[in-house]
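Reader: I would like to learn how to read a pocket and a helix in a model of this kind. Could you take me through them step by step?

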Amino acid sequence: MFLDVVFYLAGAVLDLLWWAVMLAVVVQLLVNFGVLDTRNRIVWMIADFLYRVTEPLFGRVRRVLPNFGPVDLSPLVVLLLITACQMLLGAIRRSLFLNGMYF
């Protein structure tokens with residue numbers, strides 16, 4: 001029962017992080033194309049929040065990736081890593097359950 005809570009919370013955090021990355025990419029695209037104006041206080045607050053949540057992950061990935069010029073592939077890599085973590089979490093849960101260590 002305790003491990004159910006742990007795996008559920010870990011999965012929920014990964015899901016929220018996945019959606020934060022997706023929203024950050026969409027908001028940044030809309031700002032860059034001039035659809036959203038960052039002089040609007042609400043738009044600025046949302047964009048700043050998403051930047052603060054996702055930039056630590058993006059920055060670490062950008063240090064490892066080669067420079068592709070104006071193309072930023074760090075959100076794609078972060079999404080792939082989040083998905084891999086979700087798959088690993090499911091595999092660990094199944095392994096614990098099948099080995100009888102899941103209580």
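**Pocket and helices**

Author: The largest pocket of this predicted model has a volume of about 540 Å³. Its lining comprises 22 residues, and those closest to the pocket centre are Ala24, Val25, Gln28, Asp72 and Pro75.

Reader: Which helices supply at least two residues each of the lining of the largest pocket, and which helix gives the most?

Author: Helix 1 (2-32), helix 2 (41-64) and helix 3 (74-98) each supply at least two residues, and helix 2 gives the most, with 8 residues.

Reader: How should I read the buried residues of helix 1?

Author: The general idea is that an α-helix has 3.6 residues a turn, so residues three or four places apart point the same way. In this structure, the buried residues of helix 1 are Leu3, Phe7, Gly11, Leu14, Ala20, Val21, Ala24 and Val27, and what covers them includes helix 2 and helix 3. Helix 1 has 31 residues and reaches 45 Å from its first C-alpha to its last, close to the 45 Å expected at 1.5 Å a residue; after this helix comes glycine 34, whose phi is positive, near 80°.

Reader: Is serine 74 buried or exposed?

Author: Serine 74, which lies in helix 3, has a relative accessible area of 0%, and therefore counts as buried, the cut-off being under 20%. Leaving aside residues up to four places away in sequence, serine 74 touches Phe58, Val61, Arg62 and Leu65.

Methods: Residues are numbered from 1 along each chain as its sequence is written. This is a predicted model: local features need pLDDT of at least 70, side-chain atom pairs count only at pLDDT 80 or more; totals for chains, interfaces and linings use all residues. Side-chain values use heavy atoms; hydrogens and water are left out. On a 1 Å grid over the protein atoms alone, a cavity is a set of points where a 1.4 Å probe fits but cannot get out, and a pocket is an open set with protein on both sides within 12 Å along at least five of seven lines; lining residues have an atom within 4 Å of a point. Grid points are joined across faces, edges and corners, and a volume is the space filled by probe spheres set on the points. Helices (H or I, at least four residues) and strands (E, at least two) are DSSP runs, numbered from the N terminus. Buried means under 20% relative accessible area, exposed over 50%, partly exposed in between (1.4 Å probe, protein chains only). Contact means heavy atoms within 4.5 Å. The expected span of a helix is 1.5 Å times one less than its number of residues.
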